[in-house]
Amino acid sequence: MNDIAHPEFKLTRKFDPQRSRHFLNGVQSVLHCHHYATLYSQLADDAEIVDGKKLLRESAEQACLAPLVSYYADHGIESVEDRIAIGEAYYSAMGLGVLKVTGLGCAAGRAELTRSHVDEGWKKKWGEKNTPINFITQGYVAALFSAVLGLPAGTFTVTETQSIVSGAEKSVFSAVRV
């Protein structure tokens with residue numbers, strides 16, 4: 001099997017002490033701990049009247065799509081494989097875990113988490129849960145797949161079909177084009 005070389009993911013982290021803001025590659029970012037991430041995931045899960053899960057998914061998709069598209073354009077990243085590799089690295093750089101895209105086509109895709117900041121934090125804080133809680137990652141995967149293929153936000157619906165918080169070895173995400 002041949003090793004494929006992908007472009008190196010270049011990350012600049014800056015902190016503006018005057019405004020108390022963090023920036024990743026020039027984009028304002030919220031760097032969080034697992035306590036905060038699990039809390040707002042729990043709040044989204046509980047907010048059924050306003051569909052908090054959907055709000056968190058869509059917010060994550062909107063927040064992540066533009067920086068990915070911009071990075072690809074700024075660094076001349078054109079191949080699907082290179083775009084995926086950069087997207088996986090960006091996910092880790094945000095402190096969310098280890099994401100691996102295992103398949104992507106024009107109509108569907110699949111990704112796996114072997115490490116999940118939110119799942120691991122949730123399990124330490126509250127124990128296992130019978131239903132998935134990776135709403136942020138669902139939005140990120142939708143953004144990544146759209147960015148890789150040059151499509152707009154809202155192109156993919158992503159479902160977490162297997163979850164670390166529920167006792168699985170890895171979390172699995174299935175994406176279908178709307």
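Visitor: Which side chain makes a polar contact with the side chain of Glu 112?

Guide: A polar contact is a pair of N or O atoms within 3.5 Å; within protein, one must be able to donate a hydrogen and the other to accept it, and residues adjacent in sequence count only if both atoms are side-chain atoms. Here the partner of Glu 112 is the side chain of Arg 110, at 2.6 Å. This is a predicted model: local features need pLDDT of at least 70, side-chain atom pairs count only at pLDDT 80 or more, and totals for chains, interfaces and linings use all residues. Residues are numbered from 1 along each chain as its sequence is written, and side-chain values use heavy atoms, with hydrogens and water left out.

Visitor: Where is Glu 112 found?

Guide: Helices (H or I, at least four residues) and strands (E, at least two) are DSSP runs, numbered from the N terminus. Glu 112 belongs to strand β5, which covers residues 108-116.

Visitor: Why does Glu 112 count as buried?

Guide: Buried means under 20% relative accessible area, exposed over 50%, and partly exposed in between (1.4 Å probe, protein chains only). Glu 112 is buried because its relative accessible area is 11%.

Visitor: Which residues is Glu 112 in contact with, leaving aside its neighbours within four places in sequence?

Guide: Contact means heavy atoms within 4.5 Å. Glu 112 has contacts with Val 98, Leu 99, Lys 100 and Thr 102, and also with Lys 170, Ser 171 and Val 172, its neighbours within four places in sequence being left aside.

Visitor: How many residues apart along the chain are Arg 115 and Val 178?

Guide: They are 63 residues apart along the chain, and their C-alpha atoms are separated by 28 Å. Now take Tyr 36 and Gly 121. They are 85 residues apart in sequence, yet 9.2 Å apart in space, C-alpha to C-alpha. Tyr 36 is in helix α1. With a relative accessible area of 46%, Tyr 36 is partly exposed.

Visitor: And what is the C-alpha separation of Val 69 and Ser 146?

Guide: It is 9.1 Å, for two residues 77 apart along the chain. Val 69 lies in helix α2. Its relative accessibility is 41%, so Val 69 is partly exposed.

Visitor: Which strand holds Lys 14?

Guide: Lys 14 is in strand β1. At 59% relative accessibility, Lys 14 counts as exposed. Its contacts are Arg 21, His 22 and Phe 23, leaving aside neighbours within four places in sequence. From Lys 14 to Pro 132, 118 residues apart along the chain, the C-alpha separation is 33 Å.

Visitor: What does Asp 16 touch, not counting residues up to four places away in sequence?

Guide: Asp 16 touches Arg 21 and Phe 23 on that count. Asp 16 is also in strand β1. A polar atom of the Asp 16 side chain lies 3.0 Å from the backbone nitrogen of Gln 18.

Visitor: Which loop holds Ser 20?

Guide: Ser 20 is in the loop between β1 (13-16) and β2 (21-24). Its phi is positive, about 55°, although Ser 20 is not a glycine. Asp 51, also not a glycine, has a positive phi near 55°. Asp 51 is in the loop between α1 (34-46) and α2 (52-75). Its relative accessibility is 34%, so Asp 51 counts as partly exposed.

Visitor: Now the whole chain. How many helices and strands are there?

Guide: Five helices and seven strands. Along the sequence their pattern is β-β-β-α-α-α-β-β-α-α-β-β.

Visitor: What radius of gyration does the chain have?

Guide: The radius of gyration is taken over C-alpha atoms, and the globule rule is 2.2 Å times the number of residues to the power 0.38. With 178 residues, a compact globule would be near 16 Å; the chain has 16 Å, which agrees. The C-alpha trace spans about 45 × 40 × 35 Å along its principal axes. Buried residues make up 40% of the 178.

Visitor: What share of contacts between residues at least 6 apart in sequence join residues at least 24 apart?

Guide: That share is 59% in this chain.
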